Amino acid sequence: MGSEGPSPVTVHVTGFKKFHGVAENPTEKIVRNLQSFVEKRGLPKGLVLGSCTVLDAAGQGALGPLYELLESTVHGREYRSPNQEQVILLHFGANSGSHRFALENQAVNEATFRCPDELGWKPQRVPIMSSEGSILHARQTTLPVKEISKSLQQMGYDVTPSDDAGRFVCNYVYYHSLRFAEKHGIRSLFVHFPLFLSIDEEVQMQFVASLLEVLASLKLQ
């Protein structure tokens, strides 16, 4: 039966609160409004919006809430048929220096924060997970970033694949998420958003809806 169409996909979305230099994080507003936005618009066939969570823009000090969320996405999953449901962790973060959307292909095992996070932590050249070895170690998403990016470009969005998620909180959370996803047989993707000054809120909400459509159309195994 799996050949008849894509497996149902449950997507869990996160955004971040404000951080140093960004008083209004667009991803906080997007994630807080996403449920009502997609309810009005209608979700793509075969896709479920599992949860919408706004995280503190912090690394080590915010791991408790992050892992609480991650664990909830796979709760009871071991009792289900493997091809019954696909789970995608979809993380949104702001890049105040960019004027376009970026789909991040990977995260690197390095925390070098250019400024303190919201809990005052400012690591320099520290491995995110010391058990994973060097700060050069990278983890890649198992989602087809170039294919997703191309589909969104064809819809008219200014979006690009990226191999550099920075070394701040976005990369920190993505690295943990990718490791968790690999361990549990699910998928993770990080998307960087520009500020609303560069691309207005309405277009950014439409972008998220289009991204969900593209994710729902993927033939995930």
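This is a predicted model: local features need pLDDT of at least 70, side-chain atom pairs count only at pLDDT 80 or more; totals for chains, interfaces and linings use all residues.
Two notes on conventions come before the views. Local features need pLDDT of at least 70 and side-chain atom pairs count only at pLDDT 80 or more, while totals for chains, interfaces and linings use all residues.

**View 1. Helix α5 and its N-terminal cap.** Helices here are DSSP runs of H or I with at least four residues, strands are E runs of at least two, and both are numbered from the N terminus. Helix α5 covers residues 201–217, and its end C-alpha atoms sit 25 Å apart, which agrees with the 24 Å that 17 residues should span (the expected span is 1.5 Å times one less than the number of residues). At the N-terminal end, D200 does the capping, with a side-chain oxygen 3.2 Å from the backbone nitrogen of E202. The buried residues of α5 include Q204, M205, F207, V208 and L211; buried means under 20% relative accessible area, exposed over 50%, and partly exposed in between, using a 1.4 Å probe and protein chains only.

**View 2. Salt bridge between K17 and D56.** The whole structure holds 11 salt bridges, each defined as a side-chain nitrogen of Lys or Arg within 4 Å of a carboxyl oxygen of Asp or Glu. In this one, the side chains of K17 and D56 meet at 3.4 Å, N to O. The pair links distant parts of the chain, 39 residues apart: K17 is in the loop between β1 (9–16) and α1 (26–41), D56 in the loop between β2 (47–55) and α2 (63–73). K17 counts as partly exposed at 31% relative accessibility, and D56 counts as partly exposed at 39%.

**View 3. Two salt bridges, R167 to E110 and R139 to E182.** R167 meets E110 at 3.3 Å, N to O. That pair connects the loop between β7 (159–162) and α4 (169–184) with the loop between β5 (106–108) and β6 (138–140), 57 residues apart. R167 is partly exposed at 28%, whereas E110 is buried at 10%. For R139 and E182, the closest N and O atoms are 2.7 Å apart. R139 lies in strand β6 and E182 in helix α4, so this bridge ties together parts that are 43 residues apart in sequence. R139 counts as buried at 12%, but E182 is exposed at 59%.

**View 4. Helices α2 and α4 crossing.** The two axes come within 11 Å and cross at roughly 30°; axes are lines fitted to C-alpha atoms over the stretch in contact, with angles from 0 to 180 degrees between N-to-C directions. The crossing is right-handed, as the near helix is turned clockwise from the far one by less than a right angle. The contact (heavy atoms within 4.5 Å) is made by residues including L63, L66 and Y67 of α2 and Y172, V173 and H176 of α4.

**View 5. T14 in strand β1.** T14 counts as buried at 1% relative accessibility. The T14 side chain joins that of H91 in a polar contact of 2.8 Å, meaning a pair of N or O atoms within 3.5 Å, one able to donate a hydrogen and the other to accept it, where residues adjacent in sequence count only if both atoms are side-chain atoms. Leaving out residues up to four places away in sequence, T14 touches V31, T53, L55, L69, L90, H91 and F92.

Methods. Residues are numbered from 1 along each chain as its sequence is written. Side-chain values use heavy atoms; hydrogens and water are left out.
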